[in-house]
Amino acid sequence: MNKETDTTADVRNVVIVGSGVAGLSAAVYAARADLEPLVFEGPEPGGQLTLTTDVENYLGFPEGVGGMELIQNGKDQAERFSAKFTHGTVENATLAERPFELELSNGDTLQTRALIVASGASARWVGAENEDELMGYGLSTCATCDGAFHRGDDVLVIGGGDSAMEEALFLAKFADNVTIVHRREELRASEIMADRARDNETIEFRWNTELEAIHGSQEEGVTSATLVSHPDGYPAEKAATGVDVDRETVDVGGVFYAIGHTPNTEFLEGTAVDRDESGYLRTRTDDAGRATTETAVEGVFAAGDVADPHYQQAVTAAGTGSMAALDAEAHLETLERTEEAAFEIPL
Ligand code: NAP
């Protein structure tokens, strides 16, 4: 392999895992600090913004900006300062020794002095009957990717947060009817998003209802879905404990999941990087009690949704991405000083 393109040669200063808005922001900062970061784009290059249409709340774009455009601009900006991008996924990390060692999906290994984890979070699945078989065949986690296939259909959107509202609003452009299925009778979504969905004549709500099964086949797609409901909410949980619930099968041509995300941290399993009960990475506060992006392992930093179960905004991901790069830079300076001190000959 040509040394220019051999990402496994030498010990890297900084490797960034993930190329969503957090990874890109970290790449811009690290590259401008001459750290020559290497970015692993991962299985979903560009992250979740590539699945979004317009981003209206990212600072600096009064008319909004396309998710794809924002990501492409971020990548161009990082490359302008010589950040390197590579397709590929980090499968395993050995963080007990220095430098850290990363094992890639093609079996290669590489070493790095600092690691920024910006691997984001992936869409959660409901656990309904037949979802494995029908995912991609009328069942989807991405309305902007698959919505246009449902022109004239009746579709269900599962969830009650901002994602569910956004998915439903997008689907309303194509589908005849969009039903948001929510497990209780109060939305989690922000008022502005909830109002937009409520005001849309194509969208209706089914409260205190959950999806139990999806019917259809890979040949004909989704044809119907079985819903359970209970006036006190959380019907699936109740059905599982033997409580009587209402059960109805409705004809639909598509089902969209929008019930939140699970952080992508599998490659850190077996390491000392600390995670909360949902798998989100925990970051430390410094001696003065201020937030940092450093994880429980010195030299490993976390940015974006992988460490953020709460805000999960593009702009906050960009913010923590820049923080992670600054923290990594400070870490590398400390390492350098320690290494220099170790070589100094005492007088
Ligand atoms: P979320 O806010 O966590 O909402 C997930 C929704 O799914 C909740 O209503 C939850 O019900 C429901 N749910 C969770 N597990 C379920 C299950 N097993 N079965 C049925 N329903 C289930 O996730 P999100 O909507 O993806 O949003 C994540 C973050 O991104 C939020 O901070 C949000 O504001 C942000 N976001 C913003 C925008 C925007 O501003 N345009 C767009 C998308 C996302 P409960 O309410 O009962 O818990």
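**Exercise 1. Salt bridges**

Task: State how many salt bridges a search of the whole structure finds, and work through examples.

Solution: A salt bridge is counted when a side-chain nitrogen of Lys or Arg lies within 4 Å of a carboxyl oxygen of Asp or Glu, and a search of the whole structure finds ten of them. The model is predicted, and local features need pLDDT of at least 70, side-chain atom pairs count only at pLDDT 80 or more, while totals for chains, interfaces and linings use all residues. Side-chain values rest on heavy atoms, with hydrogens and water left out, and residues are numbered from 1 along each chain as its sequence is written.

Step one takes Glu212 and Arg247, whose side chains meet in a salt bridge at 2.8 Å, N to O. Step two takes Arg198 and Glu191, whose side chains form a salt bridge at 3.7 Å, N to O. Arg198 has a relative accessible area of 43%, so Arg198 is partly exposed, whereas Glu191, with 53%, is exposed.

**Exercise 2. The two domains**

Task: Describe the interface of domain 1 and domain 2, including the area buried between them.

Solution: By an automatic or database domain assignment, the protein is divided into domain 1 (3–123 + 261–343) and domain 2 (131–257). The C-alpha centres of domain 1 and domain 2 lie 34 Å apart.

Step one counts contacts, meaning heavy atoms within 4.5 Å: six residues of domain 1 touch eight residues of domain 2 in this sense. Step two takes the buried area, which is the accessible area (1.4 Å probe) that two parts lose on being put together, summed over both; between domain 1 and domain 2 this is about 470 Å², with carbon and sulfur atoms giving 56%. On the side of domain 1, Leu51, Thr53 and Ala123 lose the most area to domain 2, together 67% of what that side buries. Step three finds one salt bridge between domain 1 and domain 2.

**Exercise 3. Aromatic rings**

Task: Classify the pair formed by the rings of Phe205 and Trp207.

Solution: Rings of Phe, Tyr and Trp (its six-membered ring) pair if their centres lie within 6.5 Å, and planes under 30 degrees apart count as stacked, over 60 as edge-to-face and the rest as tilted. The structure holds three aromatic pairs. For Phe205 and Trp207 the ring centres are 4.9 Å apart and the planes stand at 0°, so this pair is stacked.

Note on methods
Buried < 20%, exposed > 50% of the residue type's maximum accessible area, 1.4 Å probe, protein only.
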